[in-house]
Structure formats: C-alpha cells, structure tokens
Amino acid sequence: MTYPEALFEKVVAPAELEKTRIEIQPGQKLDVDFTIEMLVTYGFKREDFVYEPGQFSIRGAIVDIFSYGNDYPYRIELFDEDVESIRTFDPLTQLSVQNIGRVSIVPNINTKFNQSQKVSLLNVLAPNTVIWIKDWNALEEKLQLCFEKAEEFAKTLPLMDESELGEIFRDRAFIRPHEVIEDVQKFALVNLGPPIQSFNPSILQSYNSKTQPSFNKNFQLLGNNLRSNSEERIENFIFTDNPRQIERFHAIFEDMAEAVGSVKFEPVIKAIHEGFIDLDLKFACYTDHQIFQRHHHYKLRQGFTADKALNVKLLRELQPGDFVVHIDHGVGKYSGLEKITVNGHTQESVRIFYKNNDVLYVGINSLHKISKYTGKDGTPPTLNKLGSDTWQTMKRNAKKKVKDIAKELIKLYALRKASPGHAFPPDNYLQAELEASFIYEDTPDQEKATIDVKEDMEKPYPMDRLICGDVGFGKTEVAIRAAFKAVTDGKQVAILVPTTILALQHYKTFSDRLAQFKLNIEYVNRFKSAKEKKEIFENTKAGKVDILIGTHALLSADLKFKDLGLLVIDEEQKFGVTAKEKLRNLKVNVDTLTLTATPIPRTLQFSLMAARDLSIIRTPPPNRQPIHTEIRVLHETIIKDAIYKEVHRGGQVFFVHNRVKTLADMAALIKRLCPDVDVATAHGQMESDHLESTLLDFIDKKYDVLVCTNIIETGLDIPNANTMIINAANEFGLSDLHQLRGRIGRSNKKAFCYLFAPPMSVLTHDARKRLKTIEEHNDLGSGFEIAMRDLDIRGAGNLLGSEQSGFIADIGYETFQRILEEAVQELKETDFKDVFKEDLEKKGGFVRDVNIDTDVEMHIPTDYVSSTSERLLLYTAIDDIQSEAELEIFSENLRDRFGPVPEPVQELFDGLRLRWMARELGFERVILKDSKLRCYFVENPQSPFYDSKMFQQVFQHISTEGEKMQITLKRTPRSLVMARDGVRTLQGARKLLEGVRGKAGV
C-alpha cells in the first residue's frame, strides 16, 4: 500500500539492505559484545530503557532493540550466550506484547546508505506483481506537483548545505514523474477509478452490487430491510470493530420484535469503510457507522516518542536534591539510595538529609511514608530538625483545621448516603439505540465512565460522581446518556453551566442528539427575556420540560421542578462554592453528576477522599492530534502568516483579545493585514440576539476570523477552527489558557495556538511559569498536569475554598493529602462511626498504615536493576500494591523486563504480604529481628477496633489457644503486643498470622 509522494522517493536496494541485516532467532548463540559493536556502527544508541527507533539496552540477560521501520521494539532473553526467547514489547509500559520466531535488525536507512545504494520502489517489485490503482489521473497530477515543489526547493538550498537533504535535492535524487509512469505501465494494472485516457484496458469487469441503503438511524426500517433480505435468501452481515455495538443491535431488535418480527444477521468484528450488497453472491454487508451516520475513523499507526514513554515516570521520579516530606519527620532533602547491613543482611534504604545535616535512613517497607514536596513553586521549604516537636505540632494544627472543614463535607456525604434516592431501572432498548447512534467511537475511558454513571443511577441512594476529562474528550456525551436514562424513567434533568455560550451550545448538542426521541429541552440564560423565563419556569413546575439547561438562572428561587431526578454541573471550577452547595441542597436525594476538564484541587480532594466517586477520561478521541503551542511577541507578520495559513487550508481562526474597549481596533488591524478575510467580533456586552447570530454565522463558516474576548472559553465546539491567537496571554490564568486552547484541535487536523506576550524578561515570575507550562504541556489529556502545575504556581493556600490554609506551604501538598485522609478516617471512626460501621468492619478498616521493621535481606540487587532511579520507582510501585493478583502481575512484569526474579526481591514480596495480613488483624507495627516476632495492636485504646467482632475473636483465641501456638500477649505502656520467638522468615511470620486468623474464625 503506497501513495504518489512515496513513489517519488528512492528506497534502499534489497541487496544492499541484505548485506547489513542482523538476523537473530531462538536457539542460536549471541555474542553480546559483538552485537553492541555492530549496533553502534549502525547508528543505534545505548539507553537505560528503549522507547524509540535507533535505541538498544542491555540489562543482564535481557537485550532490548528498537529497529528502524518497526512498530514495536524487540526483547531478546538470553540463557548464558543462547537466545532463549524473542518477543516484541510496548515502549510505554516496557512490557512484552507477543513472542516471535526471529528478529531482523536493519540500520537507519536515512543516514547509513548513500544515493547510489537506492533505487525506485517499482524496481524492487517482482515482474509478476499486479498493481491496483485507485485513481490514475490523481497519481499523475500529484507526481507532477511533487516534482515542481522539489525543483523550487532545490533553488533555495545554500551551496554550503552539506546535509543529506541538501545532497538529495541538489543531485535531484528522486524519481521523475515520467519515469514513475513508465515503470508502473510495465506491470499488470487493475484500475479502480475513472478510465485512463493514455491506454485502453484489456478487460472491463462490472459487479452486480448495490451500495448500503440509508436507514437514517431508523431501526424499524433496518429491521424490515434485514428481514426482507433473508426472505430473498440474501445473508446479512453487520460489520463493526466494537463488540458492544453488536450487543446493542441484539437489544434493539429484541425489544422491537413485535414491530419488525425476527431479524437474522451475522456479526463481524471488523471495520469496513462502506457497506454493500452483492446480488451475485447473495451477501449484504452493512457497517455500523453508516447505519448510525457516524464518522468512520481509520486506524492510524501510532509512533512512540520519548515524551510518551517517559512522561509518567518523570512525574514520579525523584532526583537527588529534591525536597521530600516524611509523614513522621517532616521536610528533608532526598539524597539517593544506600545499601546498609542489618544483623549481617543487606538491605537498601532511602537516604534523606535534615537540618544540621542529620541523616534519616528510610527502609523500603516505609516508602509510602515519603512523598515529593509540592508547595509554592520557586520557594524552597524550611528543612525540619530530626527529633524536635516542631513537625508534630504543625501536623496536629493542620489536622485540627482540616477536621473542622472535613466534618461539614462528611455530614453532607453521610446525609446523601442515608437518604433514600431513586433507583433508576436497567437500560432499555431506547438507551441502547441512543448510545449506538453516537457519531464517534466511544473511547475505553468514555465507555467506562458511562457504565459507572449508569450503575450509580441504578443504586438506591443518590449518585455523586465527578467525571474529569480533558477538553473535547467526550464528557458531554456521558452527560447526555445519563440525562436520557433519567428522562426515560419519567424524571426531569437540570444542567447548570457557567456561561451563556455554553448554555446555548449544550442546548444545541442535547437537542441534536435527542432529536429522534421528541423530548422537551429548554435553556435559560441572559439571552432569554423575563417573559420567556417565566413561561419556561411554569412549564418546568408543571413537568412539561424534560431537560432544563441554564446558567445561574437555575439557582433562582422562582424555579421549582415537578420531579427532578438528575443534576449535571458542567465546568464546576467556574462556580463559587455557595452556588454549588445551594443547588445541591435543592434536593438531597437527587443524583448529581459533575463534569470538569481542569479540576480545582478541592474538587479532586473530595473525590480522592471517597466523599464522591471519580471517573477519569484520559483517552483522546481517535485521530486527535496534540495542539502545537508557542509563545511569541506580538508582531503583525506572525498574525498575518498564521491567519492565512489556516484560511488557505479551509479553516477558521480565533483571535482572543480580552479587552472589550479595544476589540474593534484589533478587528480593524486584522482587516488591514488580511483584507480578503471575513472578520467578526464577539464579546459578552453585545446585545444577546446580535451575539447569538454572530456565533451561529461563525459556526456556519460565514466568517474566517472571530475576534473575541474569553467568552468562547467554555462550550464553543467548532471543529473547523484550528488556529488560535491569544493576545496578552500573560494576563490569563493557567486553567483559562488550557480551556481556551481546548476550543481548537477538536478534529483530526493539526491545530496551532500562538500565545502573544511581552518579552519574558519583563514578565513576572508567575506569568513566565504559566506561559512555559501551557507551552510545554501540549499533549492530549494534559489537564491533570496543568492543574498540578497551577497548584505549584499559585500555591495551595486556597485549597479549602473559603478557608485559608497557609500552613500547606510548610507541610507540602502531598502531606496535606495524607493528613486530610487521616482526619477523614478519624472522623469516620468517631463522630460518624454509625454511618461508616460497615466500611470499618471490612478488611483493615481500623488500620491505615503498618510499619514493618526486619533484618531479613530484602532489596532489588544492583546487578538485577542497575539504574538507581528505576529501583526507587520499583520500590515505590511494590509499596503501592494492594492484592495478591496485583503482586502476581507485578512479578511477571518484573521477570519480563529484567529476567528471573532473585531471592531478595521475593523477600520484598513476602514483606508486602505480611503487611496486608497485619493490617487485616489490626496490627500497626510488626518487628521481626533475631528470629523474634512482635506484633503491636492499634495504639489508640479508644479506637472502635477494640469493640469490633474481629478483635474479640482474635483476643479470645490467643487467650485460650495461645500457649499451644507458643504465642503470648504482653501489655506495654503504649500498646498490646502479640509475641512469639523462633520465627525466622517473613513467610513464616505471615503463615503464623494466617493461622491466627483462620483459627479465630475471622
């Protein structure tokens, strides 16, 4: 499969390529030193981890190579010098994909071969090759255009240009159009397009077929057609690459059985571009995307880059010198990993420096106590002194302040949890029909969010779910499905939006998506007159309005719903806390769905505390591309070039200027620079009718450039607008810039965003940080990173809304999270223990953290993983594992990446298993040294743990059977301790605790 531009270039001759090819297959011997030498000669570069073509890595018995021209890199596993296995692996996860029988390594064909070693692609093909041509005339035209462009480019090359590109164009080292045409004509041709005028075909073949009928999403029409085909002995096939679509088809036809009768079709899990009926073969092949009038997206090959493969690691990776916070000791400075010896056994610890150069060694069982310090950016924190009370006092004060605020939050949560909500019924065929008719393919995250929301709605208590996804990632579609589910059960839906534009946009989106279901959808914003609002409010109260979309008008005391079932809050960071709570308190037992692109930390916190449920949509829609973003100083030439570049490719431009007074002057400037371009202006102070008609005209492509304020920040969805110029970008907040930029790049076209600002040298520190952040974070789905950087830049002082919490800068954001979680846990165990009794009785509900102190040799050997930063990441990952199933996956992944898992790492795993068992039984600390095991129960004597059924059973068992098991109970001034001597291994300790649990009947 190729295209004209590719035929224009030469390829490396197969004979030349064969000379340089390295072939490797299982069973043969591989000299690693010689292989390294060859790869370096071929232009490969050695790295710790392979993530893009031209790299290789060697870690013990594992050799990773990313050959040029391959989708995936290869992983070769050796046993001594023998190749044991070869598999491909994913650079993003560094995990194997599939086993393969052989690997062929080739050098970089762009740099390691000269022009004399290259030939036309058509000279490489076998003489009996048949060439299929889609459009001969287009082939000729495109080749000629390539040639003319190349000629033009060659004239502009400086004589001193010694690059390979310069050599190619000066030597005209490409194939001329007439040569390509002559070479093509030497082969047997199958022409699929219009007739070729230069020669006549020897055979004309026609097919007795028809195109797929148009059903316009009418399933009764589709069902009747399929049944009619079956009666004419035409076999029906429905093609889709999404198995869920098949389930939807079955559900729809089952529910419509009375209307259309029995419908027979064979599902095919494969996408085709267009459906057809072959009357000779008696086949009807239909595609789901044509049935539902959806766009058909081609599956593009995705390349891998360093950014994609490593960005997640870099977010978590600690570098020596970074500030860290230990939850028990405070702020220190990370200084790397260090091997230490305990009772003759080697272990690895994290080394942290504190005030006065005091050193703390943190065992790898306690890594969960350390977090990277995140406070006010650019302001280094004060290091704490080991052994002083300052840190503990600071933590106590922080927890006291946090508890007061968290108490209000949990009250609301408890009230909702205890309130009788409306349990919506399971989906019916109408829901399946709506979801199947979505014109785009659901992304995996979007599908999961939809399932989560519907499951919440079907529960007997009210939903409170946050959906967090980047701009344009499909949050609105999830809200539409939830709204439809509510309406089909006779309930009303309220949708609160921050701007008049977003209200209008949502009204159009909801109306278009739900048009076939004849629902009554209304919206209220400042465009509506008092008379219109009054009428809508009356209809809402009478139950005649199914879905009401509005701005703050929805908070009016005059508005009453007859039977409100679902509340959707869009872009909640734009609302004040008072507005949101006022609406939520409107009716405690109403399901609430919140949508946001860049969550404010307070919103995220509430979700992370499990006070509300969270769904994250990280996956971009198919074929979506990152937005190219660059910071520039305002210049007329840049404006002119950017506008013409976009307009000439058929697109439109947003010019954002956030000053209403001088908006007309900017529009006049653009008209002067681009006199043949149609320019319109839009701002929030315009007459409502005028503003609405201007925006609609821009959507209808009557204007090329829209000069506007940030009124377009939320809600405007114009896939044809793919260039944005933001004037005085330094005056915008980071979240605002991200939202504005999200108005472009909403199709499969490359989008460009230009941030105009004064020179960096005259900007404030914070403004420079904001602009650099938005420029650097242009990847799809970067809303989370931007939210975190925003927190860095602004500081976390207003994290708790109206409550100012300046202490967060002292303790760090991550530590604040931990204190917040601790405070919430304590409130659950005390003030709200009745509400959370069931949760607390679950495994480990009474113990948040287990400290394990041991002299067993447990670490990741340096000769197994040589990279210090990678070992730290692996230690952190092990520390985060919560179940045996997760541990098995991790162990297998470790074996895949680094080879067989050594014994000290297995001991690490046993330490983790011991921690789980200790938490389950209510132990906060476990010490295993000199073959003596000491397990400390919950330290707080007032803890509800001591009233729990589990403690009573364990205590009873040890009291009666402890002597037989050589277990004793001891009481120290601070704790109740279970002790036993003669326990030598972590595995032995775990089995002992398992025995206690089993015999106690827990």
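Mentor: In strand E35, which covers residues 751-756, tyrosine 754 is the bridge partner of isoleucine 725. This is a predicted model, in which local features need pLDDT of at least 70 and side-chain atom pairs count only at pLDDT 80 or more, while totals for chains, interfaces and linings use all residues. Residues are numbered from 1 along each chain as its sequence is written, and side-chain values use heavy atoms, leaving out hydrogens and water. Helices (H or I, at least four residues) and strands (E, at least two) are DSSP runs numbered from the N terminus, and two strands pair if DSSP finds at least two bridges between them.

Strand E34, residues 721-726, runs parallel to E35, and four bridges join them. E34 is also joined to E31 by five bridges, again in parallel, and here glutamine 652 has alanine 721 in E34 as its bridge partner.

The buried residues of H23 are Ser688, Leu691, Glu692, Thr694, Leu695 and Phe698. Because they cover an arc of only 160 degrees around the axis, they lie on the same side of H23, the arc being that of the directions from the helix axis to the C-beta atoms. An α-helix has 3.6 residues a turn, so residues three or four places apart point the same way.

The length of H23 can be checked too: its 12 residues, 688-699, should span 16 Å, and the end C-alpha atoms are 17 Å apart, which agrees. The expected span is 1.5 Å times one less than the number of residues. After H23 comes lysine 701, whose phi is positive, near 65 degrees.

One of the covering strands, E25, belongs to an open sheet of seven strands with parallel pairing, in the order E25-E26-E24-E27-E28-E23-E29. E25 and E29 stand at its edges with a single partner strand each, so one side of each is left without a neighbour in the sheet.

Key:
Buried < 20%, exposed > 50% of the residue type's maximum accessible area, 1.4 Å probe, protein only. Contact = heavy atoms within 4.5 Å.
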